[in-house]
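Open the model in your viewer and keep the selection tool at hand.

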Amino acid sequence: MAGSGSGGTGRVAGGKSRFDDIYDRPDPRAYFTRLAPLEYEIPHQAQPVFRQVAAERAALDDGHSRRPAVLDVCCSYGINAALLNHDVTLAEMYERYTSPDCQKMSTAELAARDKEFYAERRRPDALPVFGLDVAGLAVHYALEVGLLDAAFTDDLEQGSPSPRLRRALAEVGLITLTGGGSYITARTLTALLDGARRPVWVSAFVLRTVSYHPIVQALAAHGLSTTVDVARTYPQRLFTDEREQEYAIVAVRALGGDPTGREENGRFHSLHYESRPDTR
Ligand SMILES: C[S@@+](CC[C@H](N)C(=O)[O-])C[C@H]1O[C@@H](n2cnc3c(N)ncnc32)[C@H](O)[C@@H]1O
């Protein structure tokens, strides 16, 4: 095993620490407990952006009577769905899932409490949210507590969408992504857009260590143009150790970014890419 590092994050692949062991648990406690010391915050950074873009997309008359669904890719335990559709903050979710009280509960008890917790905080403008993630237990939890309206575990890096996902794609008007830019490629986005039946916008937060260019090209092939403000970066999380930081600094520079004041100060940063149908 290479470099477990101070964050206790398991093996390191390509320089970035991996957290595979917390992605597919029966409930989100290990996820929040592990990521709290690393101050993982990209869903919090994305929350106002996703709310805004979801509202704009929902206001678009695309000739369909049903409101467009949001598809959160790499949705995990439904965190972006929670933040989009409920009056809750990521800080409250950290507090909830790392609290001593919460540690004493069984998964079934936690799920029952969560169902009530999110139902009480449901926003009137809530949109249907579908989740896609290869982590079956995680999406099952999100579905059970009412954060997701439908969940899919298709690995579109390896294969084609199932008939059930294909049917769901017909309803999708917005794709969101946080924390998944290192896991999925243009293959996943191409498969999703091939199945779209309504205009689909894509709003993605991707680490500056990863090139989004192949996805931008795949989206362009589906008639979407992408904008990004490279001067505006969003902190994602602390590095687990110096080795991860060195990797990130080199990777950011290789992609033409400047790590000064950002990765050099100890955190991964993401860019926000927004893709909408090309109206030219
Ligand atoms: C860092 S987590 C991000 C979770 C959540 N979006 C957030 O920001 O808190 C990355 C997620 O990507 C998922 N993932 C990895 N490979 C995937 C794939 N090929 N398709 C869909 N999800 C994948 C993992 O299971 C994991 O839940």
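Select residues 186-194, which form helix 10, and residues 213-221, which form helix 11. In this predicted model, the two helices pack with their axes 9 Å apart, at an angle of about 20°. Angles under 35 degrees count as roughly parallel, so helix 10 and helix 11 are roughly parallel to each other. Turn the view to see how they pass: the crossing of helix 10 with helix 11 is right-handed.

Next, show the side chains where the two helices meet. From helix 10, pick Ala186, Leu189 and Thr190. From helix 11, pick Pro214, Ile215, Gln217, Ala218 and Leu219. Colour this contact by residue type: 6 of its residues are nonpolar, 2 are polar and none is charged.

Now move to the ligand. How many residues surround the ligand? There are 20, and the closest are Cys74, Ser76, Thr178, Gly179 and Tyr183. By type, the shell consists of 12 nonpolar, 5 polar and 3 charged residues.

Finally, zoom out and show the whole chain as a cartoon. The chain holds 12 helices and 10 strands. Its C-alpha trace spans about 50 × 50 × 30 Å along the principal axes. A compact globule of 280 residues would have a radius of gyration near 19 Å, and the 18 Å of this chain agrees with that.

Conventions:
Residues numbered from 1 in each chain as written. Predicted model: local features only at pLDDT ≥ 70, side-chain atom pairs only at ≥ 80, totals over all residues. Near = placed C-beta within 6 Å. Nonpolar A, V, L, I, M, F, W, Y, C, P; charged D, E, K, R; others polar. Axes fitted to C-alpha atoms, helices over the stretch in contact; angles between N-to-C directions. Helix = DSSP H or I, 4+ residues; strand = E, 2+ residues; numbered from the N terminus. Parallel < 35°, antiparallel > 145°, perpendicular 65-115°, else oblique. Left-handed = near helix turned anticlockwise from the far one by under 90°. Contact = placed C-beta atoms within 7 Å. Rg over C-alpha atoms; globule rule 2.2 N^0.38 Å.
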